[in-house]
Amino acid sequence: MLRSVNDLRGTAVHAVDGLIGNVHDLYFDDDHWTVRYYVVDTGNWLPGRKVLISPHVVQPPDPNEIWLPVSLTKAQIEKSPGVDTERPVERQYESSLYDYYGWSPYWFPMEPMPPTQSQAGALERERAAAAVLERTDPHLRSAKDVIGYYVEAKDGEIGHIEDFLVDDQQAQIRYAVIDTKNWLPGRKVLVTPKWIREVNWNDAKVFVDLTQDAVRKSPEYTSVELLDSAYESRLHNHYGYPIEWL
């Protein structure tokens, strides 16, 4: 199911034994555009505190309810490492979070631990693990911060990012919603991360591997509720790209 990040923000989050707060933001990695964490503001329960929740513990929401269920207890979340959302998330912090919950780190398959001799002992293994942590960069970005970035085609500006659409089963950003109001008033279009050739994080600009004319003639996006496989097929056929997930 595709969900709008703007709609997700503010959604109540329920542990197995009660309300813990609201979705404040999503963190995704800029290599794979995969959602790594929901940032939850614990509000009146733990005032002034935010926690990170992995998508792997987020359960399928009841279509008749308006909250996001997670398979953790309030006690687990209360004792988990807090996060300072004003600073970049470091790999060392992620490691402490994963250790606390007993999760398997998502970055080790991509950054394997250096091999050690069978007799090296615990100390060398710890040093090897520390070396991995030191050289790996989480590449985490705030969806809230990236919304608003300007978007340029090969031959000029086309608008700005207004929203992201997330596949909540795969924890993957499938589309960026581009508002073209300064170029084509009243029109919104979708692009996938696969069509992004570069992001200038310092200048808050996204460059897509498309032309203005192709964007102008692309199927218009209206709402996530009306986005179905037929629309996705038209969109991808228009740009000449295959659909990898259908």
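This report describes strand pairing, salt bridges, the nonpolar core and model confidence in a predicted structure.

## Confidence of the model

The model is predicted, and its mean pLDDT is 88, with 87% of the residues scoring at least 70. Confidence is highest in strand β13, at 98, and lowest in helix α4 (residues 121–135), where the mean is 51.

Residues 110–114 keep a pLDDT under 50, and the model gives them 15 contacts beyond four places in sequence. The pLDDT is also below 50 over residues 130–135, a stretch with 12 contacts beyond near neighbours in sequence.

## Strand β13 and its partners

Strand β13 (residues 205–208) runs parallel to strand β8 (residues 150–153), and 3 bridges join the two. With strand β12 (residues 196–200), β13 pairs in the antiparallel sense over 4 bridges. F207 of β13 takes part in both pairings: E152 has F207 as its bridge partner, and E198 stands opposite F207 as well.

β12 and β13 form a hairpin with 4 residues between the strands, and in this hairpin A204 adopts a positive phi near 55 degrees.

The whole structure contains 12 salt bridges. One of them joins K205 and E152, with the closest N and O atoms 2.8 Å apart. Because K205 belongs to strand β13 and E152 to strand β8, this pair ties together parts that are 53 residues apart in sequence. The pair therefore accompanies the parallel pairing of β8 and β13. K205 is partly exposed, at a relative accessible area of 27%, whereas E152 counts as buried at 18% relative accessibility.

A second salt bridge connects the side chains of D209 and K154, at 3.4 Å from N to O. D209 is located in the loop between β13 and α6 (212–216) and K154 in the loop between β8 and β9 (156–167), so this contact ties together parts 55 residues apart in sequence. D209 counts as partly exposed, with 31% relative accessibility.

In soluble globular proteins, nonpolar side chains tend to be buried together. Here the largest nonpolar core has 68 residues, and I53 and F164 are those with the most contacts inside it. Leaving aside residues up to four places away in sequence, I53 touches R36, Y37, Y38, V40, V58, V70, L72 and I77.

Helix α3 (residues 91–101) also contributes buried positions: R91, Y93, E94, S95, L97, Y98 and Y101. An α-helix has 3.6 residues a turn, so residues three or four places apart point the same way. After α3 comes G102, which has a positive phi near 75 degrees.

Technical notes
Residues numbered from 1 in each chain as written. Predicted model: local features only at pLDDT ≥ 70, side-chain atom pairs only at ≥ 80, totals over all residues. Heavy atoms only, no water. Pairing = 2+ DSSP bridges. Salt bridge = Lys/Arg side-chain N within 4 Å of Asp/Glu carboxyl O. Buried < 20%, exposed > 50% of the residue type's maximum accessible area, 1.4 Å probe, protein only. pLDDT = per-residue confidence, 0-100. Contact = heavy atoms within 4.5 Å. Core = buried A, V, L, I, M, F, W, Y, C linked by side-chain atoms within 4.5 Å.
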